[in-house]
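Subject: A structure for you to look at

Hi,

Here is the structure I promised to pass on. Have a look around it first, then read my notes below.

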Amino acid sequence: MNWLLSIHLATAWALVGLIWVVQILVYPQFLRVAPAQFKEYHSAHCFRIGLIVGPLLFVEAVTAVWLLYEGCHSLFAVSTGFIPLIWLSTAVLQAPIHTKLMRGHDEPQIRRLVFTNWIRTVAWTARGILISLSLL
């Protein structure tokens, strides 16, 4: 396996692990934060998660494009189709919810965030599996 594919695979699985932690632990915990502390808590979450997710998304996108340019296996190409879905879900669903949550604790919006985040959770998990299968 070449170094570029190794970096892409590691990045994809790092994102899979991260999204599962966010889906099962982080977002549901938003419901347990006291309303008086929620704005500060949520703001800190958004800043800190961005420090982790931003570089990983960049590496994922750059290595995916590079590998597609090199003519990677068709199953790998299918896996890259999930990237626009993940980014679109983030832009259209999760980011607007986070914007609303910046104003304060809102239980219906938190529940909507948990529910809609399943799109990204399933998509990233599918990506990880497809990339791994493409190596067989």
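Here is what turned up, going from the whole chain down to single residues.

First, the ground rules. This is a predicted model, so local features need pLDDT of at least 70 and side-chain atom pairs count only at pLDDT 80 or more, while totals for chains, interfaces and linings use all residues. Residues are numbered from 1 along each chain as its sequence is written, and side-chain values use heavy atoms, with hydrogens and water left out.

**The whole chain**

The protein chain has five helices and zero strands, giving the pattern α-α-α-α-α along the sequence. Helices here are DSSP runs (H or I, at least four residues) and strands are runs of E (at least two), numbered from the N terminus. The C-alpha atoms fill a box of roughly 50 × 25 × 20 Å along the principal axes. Of the 136 residues, 39% count as buried; buried means under 20% relative accessible area, exposed over 50%, and partly exposed in between (1.4 Å probe, protein chains only). Among contacts (heavy atoms within 4.5 Å) with a separation of 6 or more, 79% are between residues 24 or more positions apart.

**Gln23**

Is Gln23 buried or exposed? Gln23 counts as buried because its relative accessibility is 2%. You'll find Gln23 in helix α1 (residues 3–29). Its side chain reaches the backbone oxygen of Val114 at 2.9 Å. Leaving aside neighbours within four places in sequence, Gln23 is in contact with Pro28, Val114, Asn117, Trp118 and Thr121.

**The aromatic rings**

Rings of Phe, Tyr and Trp (its six-membered ring) pair if their centres lie within 6.5 Å; planes under 30 degrees apart are stacked, over 60 edge-to-face, and the rest tilted. By this rule there are five aromatic pairs. One of them is Trp20 with Trp118, edge-to-face at 5.5 Å centre to centre and 75 degrees between the planes. This pair links distant parts of the chain, with Trp20 in helix α1 and Trp118 in helix α5 (residues 107–134), 98 residues apart. Trp20 is partly exposed at 34% relative accessibility, and Trp118 is partly exposed at 35%.

Phe30 and Tyr41 also pair edge-to-face, at 6.0 Å centre to centre and 90 degrees between the planes. Phe30 is in the loop between α1 and α2 (35–69), and Tyr41 is in helix α2, 11 residues apart. Phe30 is buried at 0%, whereas Tyr41 is partly exposed at 38%. Both belong to one aromatic cluster, formed by Tyr27, Phe30, Phe38 and Tyr41.

Cheers

Definitions and conventions: A polar contact is a pair of N or O atoms within 3.5 Å; within protein, one must be able to donate a hydrogen and the other to accept it, and residues adjacent in sequence count only if both atoms are side-chain atoms.
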